[in-house]
Every structure is written in structure tokens, then in C-alpha cells.
Amino acid sequence: MAARDVIEVWDHEAATFDEAADHGLRDPEVRIAWRDLLLDVLPPPPARVADLGCGTGTLSLLLAGEGYAVTGVDFSPAMIRLARAKAATDPAREGVAFVQGDAAHPPLAPGSHDVVLSRHVLWALPDRAAALRRWGDVLTPPGRLVLVEGRWSGDAGLTADETLALVEDSGRRAELRMLRQPVFWGREIDDERYVVVAG
Ligand SMILES: C[S@@+](CC[C@H](N)C(=O)[O-])C[C@H]1O[C@@H](n2cnc3c(N)ncnc32)[C@H](O)[C@@H]1O
């Protein structure tokens with residue numbers, strides 16, 4: 001699919017995107033689960049986090065609320081509009097900026113962030129190894145990659161082994177944590193979902 005068509009697909013998804021439990025984090029228990037997970041794998045605030053493929057900005061705003069300085073990047077104008085609208089009424093708005101751009105070529109200065117966080121985005125990029133190299137360039141060395149990915153029904157996504165191999169091929173040591181608990185997803189799951197953290 002051409003890039004413009006992919007953006008249109010995500011634009012179309014934007015209005016209902018936050019309805020999924022792990023997207024909108026509207027259920028307090030789900031929200032707390034993600035907050036605790038992220039605080040556990042991130043360096044302490046006020047680290048600078050690039051949330052690449054930030055969608056409606058839920059994770060960006062969650063982290064800004066914890067004292068992180070967050071830049072959310074997404075190529076979908078509708079996603080970015082919703083993220084900015086959410087930020088406008090969020091007490092943490094000073095801690096976050098949303099930028100429209102391609103996560104595969106982040107419009108961020110070299111060495112400008114301490115963490116690249118990306119949830120459910122790497123799998124969909126055409127050249128994942130190249131994207132990971134560019135994500136590394138955004139980091140103040142050594143920086144940290146926090147990649148939440150999965151292999152969902154059908155053949156969508158990346159297995160944990162595939163993500164580990166990609167990260168390790170980029171010259172980083174990676175650690176894997178499976179995210180099987182229903183509290184992350186608002187329901188039981190029977191597929192493979194995980195976070196890879198690499199320093
Ligand atoms: C499954 S959603 C995840 C959103 C967010 N990371 C979250 O977990 O709530 C994927 C998001 O990545 C964005 N995206 C996909 N490919 C992208 C790219 N190449 N550049 C920027 N954004 C991209 C989509 O527009 C969409 O908002």
C-alpha cells in the first residue's frame with residue numbers, strides 16, 4: 001500500500017481509536033498497569049521520551065503526567081489533531097509536544113532524546129532495521145529503546161524473537177518481557193504480546 005493510503009487508513013481509525021482498552025486507557029486498572037510497566041522500564045523522569053507513532057497521544061500524555069518531557073510523532077493528521085485536543089485540556093500539557101511526521105524518519109534532532117518508545121508501530125514499517133538505526137540516532141548515547149509489539153491473529157505483527165533479533169542486530173542488548181496479563185488489554189489474550197527494552 002502506498003504511504004498516502006496507509007495514512008488514510010490511520011486517519012479513518014482515529015475517531016474510534018481510543019475505544020480499545022489499551023488505546024484510550026479509560027479503565028483506571030488498565031491505565032495503572034501501563035503506567036507501572038512504563039515507569040519500570042524507563043529511566044526516571046524528567047527523561048526525554050520520543051513516542052514514535054503516538055496515535056492519539058495517550059501514552060505521551062500519561063508519561064508527561066509523570067514528569068517526562070515527551071515528543072509524540074505520528075504521520076496521521078487526524079491522530080495528531082486528537083492528540084493535541086487531548087493535550088489542550090490535560091494538566092500535563094506543558095510536558096508534551098505533538099509533531100506530524102514519519103516515524104521511520106523521525107523529525108527529531110540527533111541525540112535529542114533519552115528514550116525512544118514505540119507501541120505497535122515497528123512491525124508496520126517497511127524497513128524496520130533502517131528505522132531502528134534512525135531511532136538510535138535520535139538518542140543521547142546510549143539511550144534506551146522501549147518497543148511494545150506483538151504478533152496478532154493472522155500474520156500481522158512481529159514475534160518476540162523477530163523483534164529481539166532486529167534490536168540485537170542493531171548492536172543493542174535487548175530484554176524481553178511478555179505482556180500476557182489481561183489487565184494490559186482489558187481482556188484475555190491468546191496471542192503474543194510483549195515489550196522489548198534495549199540499552
Ligand atoms: C496501532 S497505532 C498505535 C498508537 C500508539 N503508539 C498507541 O500505542 O496507542 C499505530 C500508530 O502509528 C502510526 N504510524 C504508523 N506508521 C507510521 C509512520 N511510518 N510514521 C508515523 N506514524 C505511523 C499510525 O498513524 C497510528 O497512529
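These questions and answers walk through a predicted model of one protein.

Residues are numbered from 1 along each chain as its sequence is written. In this predicted model, local features need pLDDT of at least 70 and side-chain atom pairs pLDDT 80 or more, while totals for chains, interfaces and linings use all residues, and side-chain values use heavy atoms, without hydrogens and water.

Visitor: How many helices and strands are there in the protein?
Guide: Both kinds are DSSP runs, numbered from the N terminus: helices are H or I with at least four residues, strands are E with at least two. From the N terminus on, the order is α-α-α-β-α-β-α-β-β-α-β-α-β-β. That gives 7 helices and 7 strands.

Visitor: What is the radius of gyration of the protein?
Guide: This radius is taken over C-alpha atoms, and the globule rule is 2.2 Å times the number of residues to the power 0.38. For 199 residues the rule gives 16 Å. The protein comes close to that, so it is as compact as a globular protein of that length; its radius of gyration is 15 Å.

Visitor: What percentage of the residues count as buried?
Guide: Buried means under 20% relative accessible area, exposed over 50%, and partly exposed in between (1.4 Å probe, protein chains only). The count covers the 199 residues of the protein. The buried share is 48%.

Visitor: How many salt bridges does the count come to?
Guide: Side chains of opposite charge can pair when their charged atoms come close. The rule asks for a side-chain nitrogen of Lys or Arg within 4 Å of a carboxyl oxygen of Asp or Glu. The count comes to 5.

Visitor: Which residue forms a salt bridge with Asp-18?
Guide: Asp-18 sits in the loop between α1 (3-17) and α2 (21-24), and its partner in helix α5 (residues 77-88), so the pair ties together parts 68 residues apart in sequence. Asp-18 is buried at 12% relative accessibility. The closest N and O atoms are 2.7 Å apart, and the partner is Lys-86.

Visitor: Which residue pairs with Asp-114 in a salt bridge?
Guide: The closest N and O atoms are 2.9 Å apart. Asp-114 is in strand β4 (residues 113-119), and the partner is in strand β1 (residues 48-52), 66 residues apart. The partner is Arg-48.

Visitor: Is Arg-193, the salt-bridge partner of Asp-191, buried or exposed?
Guide: The closest N and O atoms of this pair are 2.8 Å apart. Asp-191 is partly exposed, with 23% relative accessible area. Arg-193 has 8% relative accessibility and counts as buried.
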